[in-house]
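Open the model in your viewer and keep the selection panel at hand.

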Amino acid sequence: LQAKMSKPVRARRLEGIDKNIWVEFVKLAATYSKVNLGQGFPDFPAPDFLTEAFTRALGGGNHMLHQYTRAFGHPPLVKVLAQFFGKLLGRDLDPMTNVMVTVGAYQALFCCFQALVDEGDEVIIIEPFFDCYEPMVKMAGGTPVFVPLRPNPPKDGKLMSSADWQLDPAELASKFSERTKAIVLNSPNNPLGKVFSHGELGLIAELCVKHDVLCISDEVYEWLVYDGKRHIRIASLQGMWDRTVIVGSAGKTFSATGWKVGWVVGPDRLLQHLRTVHQNSVYHCATIAQEAVAQGFQRELMLYGKPESYFVQLPKELQQKRDWLVQSLDGVGMKPIIPEGTYFLVADISPFKSDVPDVPNSDEPYDYRFTKWMVKNKGLAAIPLSAFFSEAHKNNYTNFIRFCFAKEEATLKAANDILQKWKQEKTS
Ligand code: PMP
């Protein structure tokens, strides 16, 4: 017998947020792709020192590592994170109050929005954005206010860079008001790979201070910066430490996204409220994964800035991978926007309109149709860029798709083969 309920079962806070791009595109990639450059995770192994630390923690004789640890973070991990980020920020951090460990950066973000955003608060989100910010703000009762990075194509015919996507300062300033509670900053930015400059961060910081606004700074790609560029932490700018929560991810930092270890770093006046959310939702993250990540950070602290450091080696390897993918795409006329950071790359698919059959009466954007067609017909998976824009603005950005290049050389070669074959078919 089917249960009948006359009461609505869905809580009101889920209204309008039930659609999710990843469910559909992860499934399409699993079904059709030969080469998956869609979702953001490496297909190469995590570093040996990290997996060995995990194995040691698992079988090393300390059976207490199989039990609960401290709810707000395993003591060895919060201690080393406080040391590490204290060094980067030039500030003494208290491991117990200035750091909290979360289930990936995802739960760190959830804690931020639940703890800091009230009904009626506005939260500024810079487009394109990691798509979960919008539903998370809404679930907290807040209203997202969007401001786009606008592309300024270079005039000399060179390939565009993620640095050519910029905020309009007057437009950004116009979004701040009495109602603004927070701005979400994601540098290096997923999906564009933009690394915000000191000047751009200064502008955001000035507006935050002027309007007494918090900054949720998603820095999960902090080590993935190329061409000698530097990642600048907005919390180190004047007046920002007290109003910023830094969000980080061991998944992205150590190429182990499945471990789901993340953290927040910030002032106790903010983190105390995040602890309340954490304590009343997940309470606790896997002890062994935290122990292994702690050992990973101890190693990196010792090797800081040295050539053997993973945080030095990984971006070098990824820059090479980025350059391979740039070449492959450029070679077939799928104009890449060269990312300054992250392991994502956005490419312009406007020259391919004639390849993809038109679907009459469909309101599906071109980038969605293109991505679905490409995975089904060419076996290559990517993600449509308009998924990273708000409903109001997405129609202006339907000529781009996002690739992830954190992949083995063989995977990127296989992608290149698909693209080359496609090009030959087009010209023959
Ligand atoms: N922030 C950004 C910008 C991301 O791209 C991701 C993962 N794709 C996350 C947060 C979530 O990170 P984690 O896997 O540690 O939960």
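A cavity, on a 1 Å grid over the protein atoms alone, is a set of points where a 1.4 Å probe fits but cannot get out; a pocket is an open set with protein on both sides within 12 Å along at least five of seven lines; lining residues have an atom within 4 Å of a point. Grid points are joined across faces, edges and corners, and a volume is the space filled by probe spheres set on the points.

This is a predicted model, in which local features need pLDDT of at least 70 and side-chain atom pairs count only at pLDDT 80 or more, while totals for chains, interfaces and linings use all residues. Residues are numbered from 1 along each chain as its sequence is written, and side-chain values use heavy atoms, with hydrogens and water left out.

**Stop 1: the cavity**

Select Ile125, Ile126, Pro128, Phe129, Tyr133, Val184, Leu185, Asn186, Asn189 and Phe196, which line the largest cavity. Strand S3 (122–127) and strand S7 (180–186) are the elements that give two or more residues to this lining; helices (H or I, at least four residues) and strands (E, at least two) are DSSP runs, numbered from the N terminus. S7 gives the most, with 3 residues. The space inside is about 50 Å³, and the count of cavities of 30 Å³ or more comes to 1.

Colour the lining of the largest cavity by class: 8 residues are nonpolar, 2 are polar and none is charged. Here Ala, Val, Leu, Ile, Met, Phe, Trp, Tyr, Cys and Pro count as nonpolar, Asp, Glu, Lys and Arg as charged, and the others, Gly among them, as polar.

**Stop 2: the two domains**

Next, colour domain 1 (12–46 + 310–427) and domain 2 (48–303) separately. The bounds come from an automatic or database domain assignment. The C-alpha centres of domain 1 and domain 2 are 25 Å apart. Their contact takes 41 residues from domain 1 and 49 residues from domain 2, where contact means heavy atoms within 4.5 Å.

For a span taken from a record, select residues 34–415, which UniProt lists in an unreviewed entry as "domain: Aminotransferase class I/classII large". UniProt positions are given in the numbering used here, feature names are shortened, and annotations may be inferred rather than shown by experiment. The C-alpha atoms at the ends of residues 34–415 lie 9 Å apart, and the span is 37% helix and 16% strand.

**Stop 3: the largest pocket**

The largest pocket holds about 860 Å³ of space. Of its 30 lining residues, select the ones closest to the centre: Lys19, Asn20, Ile21, Glu391 and Lys394. H5 gives the most, with 5 residues. By class, the lining of the largest pocket has 14 nonpolar, 4 polar and 12 charged residues.

Why does the largest pocket lie between domain 1 and domain 2? Both domains give residues to the lining of the largest pocket, so it lies between them.

**Stop 4: the second largest pocket**

Move on to the second largest pocket, with a volume of about 530 Å³. Among its 23 lining residues, Gly40, Tyr106, Phe130, Lys252 and Lys260 are the closest to the centre. Helix H4 (104–116) and helix H8 (250–253) each supply at least two residues of this lining, and H4 has the largest share, 4 residues. The lining of the second largest pocket divides into 10 nonpolar, 9 polar and 4 charged residues. Domain 1 and domain 2 both give residues to the lining of the second largest pocket, so it lies between them.

**Stop 5: three single residues**

Select Val265, in strand S10 (residues 261–265). Is Val265 buried or exposed? Val265 has a relative accessible area of 0% and is therefore buried; buried means under 20% relative accessible area, exposed over 50%, partly exposed in between (1.4 Å probe, protein chains only). Leaving aside neighbours within four places in sequence, the contacts of Val265 include Phe85, Leu89, Trp241 and Ile246.

Arg233 is in the loop between strand S8 (214–218) and strand S9 (244–249). Arg233 counts as buried because its relative accessibility is 9%. Not counting residues up to four places away in sequence, Arg233 touches Phe85, Leu88, Leu89, Glu219, Glu222 and Trp223.

Finish at Ser362, in the loop between strand S12 (344–348) and H12. Ser362 counts as partly exposed, at 31% relative accessibility.
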